[in-house]
Amino acid sequence: MDFIFAGFIEAIHLLFGGDGQTWSAVAATLKSSSGSMAASLTLGIPLGFVLGYFDFPAKRQVRLLVDTALALPTVFIGLVVYAFISNRGPLGEMGLLFTLTGIAIGQTILALPVVVALSATAVESMDRHLRTLLISLGANRRQLLLSSLWEVRYGVLAAGLTAYGRVMTEVGISMMVGGNIKWHTRTITTAIALETGKGMFATGIALGLVLIAIAFGVNVCLSFLRKK
Amino acid sequence: MQTKKQIVVKACVIMVLTLMIAVPALAADKVLMMATTTSTDNTGLLDYLAPYFTKATGIELKWTSVGTGKALKMGENCDVDVLLVHAPSAEKVFVEKGFGVNRREIMYNDFVIIGPESDPAGIKGKNVVDALGAVRAKGAVFASRGDNSGTHKKELSLWKATGAAVPEKESWYVQTGQGMLATINIAAERNGYTMTDRGTYIKYADTMKGNPPLKVLVEQDEILLNQYSVLAINPQRCPKARFDLATAFSDWMAGAEAQGLIRDFKLLGKPLFVPNAK
């Protein structure tokens, strides 16, 4: 039990004592997660909007697929991405294995269904009368789309934050694709796994607290988007 | 005047920018990628050796530490340049299949069988074959890694040495599928036996303030030696593998400097590996 308290003290040392390895892991975590979030939001928000806004054949089946993809296990994604970018895999030439870019690709696959499913839900639960109102006010098709998108911004923000939480905390993809290489692809979560394997439980707890601190920082940074 | 909101926004922007830029980029053009087993990394041996290697050869060593099975698979897939592993029979198959070349023995450490002080199956001081026979006869709890790691393979070979089948489905044979330390903890919780490498046991005993519930009961049997070897990935099969760097690493590890460093490496004051390169 006492290692939990020791971990708390150590977390403060790691963060403010300028520990190079910790900051390298923090940077690796932020870089891979920023890359994957940029990609999954760019792809996911339009897809989610289309899925929630328009009616098209097989919509229910597509929705079912997206919802199922929410349950993709991270180790499985890691394994599949590894198979593709391994040197003997179809994309081996690109040299993505053991890189942060490789991790970001896997994390995009993890985050995309979350963004699509939750923004589609946000669009679906939008007030149906809004559309009628806007049309009656003389809005053209483009204005109609844009105002609808603006109307669901909080739902989309929530989708992004949920996806970010999954991406920041996953360990399967980072471990399998990144390889947990010191100074290069060691993220905070793979560092926790390593320290736990070494029996350094206090350091593991400390790194976990560091991760929570970053998540807090990100949420503070985004909170001004919430209120006017 | 700045509002509170503006200050927060600026702080956030600065934080993100600093982190994006300030990354220790150790840009060396000669980078050797190695797959190795968790034991070399978890004991801190590689963290200790890597700077000496870089100093002597100018090559940056990057490694990923995984189970031996996965390390061999990564070598087979040409994803790494060199391997440092400990599963001699699997390594020989690896070389026979043409995946690896120049297998070179570097060092060894040893395994021990640990169990509760009360020793319900009475294995203390016995040799491995008799000890495992007694565990089986008694049906005492035995925790196994069950993860196809080098350690797990070793344990399976011990059961085979007893002349009977591996107790795969017996209720007393607990396959954890987890790392060594987690497996020791499970054995301790169940008041059972397990086999571990000495390094992990030294660390475990240290975290228990030198009075662990599980003690070393069987050791010093020749069958418990654990040989580590370096293998270069076959450059004919994997043209992108850095065979020159892998050879440099292999030569350095077998040379006088590294062998001396390995001999001097101690974990909590206790030597861990015995260098034996020829």
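Two strands pair if DSSP finds at least two bridges between them. In this predicted model, strand β4 of chain B (residues 100-116) meets that condition with strand β9 of chain B (residues 225-233), because eight bridges join them. The two strands run antiparallel. Within this pair, M107(B) stands opposite Y228(B) of β9(B).

Strand β7 of chain B (residues 193-197) pairs with β4(B) over four bridges, in the antiparallel sense. Here F111(B) has D197(B) of β7(B) as its bridge partner. Strand β8 of chain B (residues 214-218) is likewise joined to β4(B) by four bridges. These strands, too, run antiparallel. In this case G115(B) stands opposite K215(B) of β8(B). Two bridges link β4(B) to strand β12 of chain B (residues 274-275), again antiparallel. Y108(B) stands opposite V274(B) of β12(B). In a regular strand, the side chains alternate between the two faces of the sheet.

Chain A is built from helices. Its secondary structure comes to eleven helices and zero strands. The C-alpha trace of chain A spans about 65 × 45 × 30 Å along its principal axes. Chain A has 228 residues, and 43% of them count as buried.

The mean pLDDT of the chain is 89. A value of 70 or more is reached by 99% of its residues. Confidence is highest in helix α5 of chain A (residues 100-124), at a mean of 95. The lowest confidence falls in helix α6 of chain A (residues 128-136), at a mean of 80. Where pLDDT is low, the predicted coordinates should not be read in detail.

The two chains touch. On one side, 25 residues of chain B are in contact with 22 residues of chain A. Four elements of chain B each supply at least two residues of the side that touches chain A: α1 (4-21), α2 (38-42), β2 (60-66) and α9 (198-207). The largest share, six residues, comes from α1(B). By residue class, this side of chain B divides into 14 nonpolar, six polar and five charged residues.

Definitions and conventions. Residues are numbered from 1 along each chain as its sequence is written. Chains are lettered from A and ligands numbered from 1 in the order in which they are written. pLDDT is the predictor's confidence in each residue, from 0 to 100. A residue is buried if 20 or more other C-beta atoms lie within 10 Å of its own, exposed if 12 or fewer, and partly exposed in between; C-beta atoms are placed from the backbone. Two residues are in contact if their C-beta atoms, placed from the backbone, lie within 7 Å. Ala, Val, Leu, Ile, Met, Phe, Trp, Tyr, Cys and Pro count as nonpolar, Asp, Glu, Lys and Arg as charged, and the others, Gly among them, as polar.
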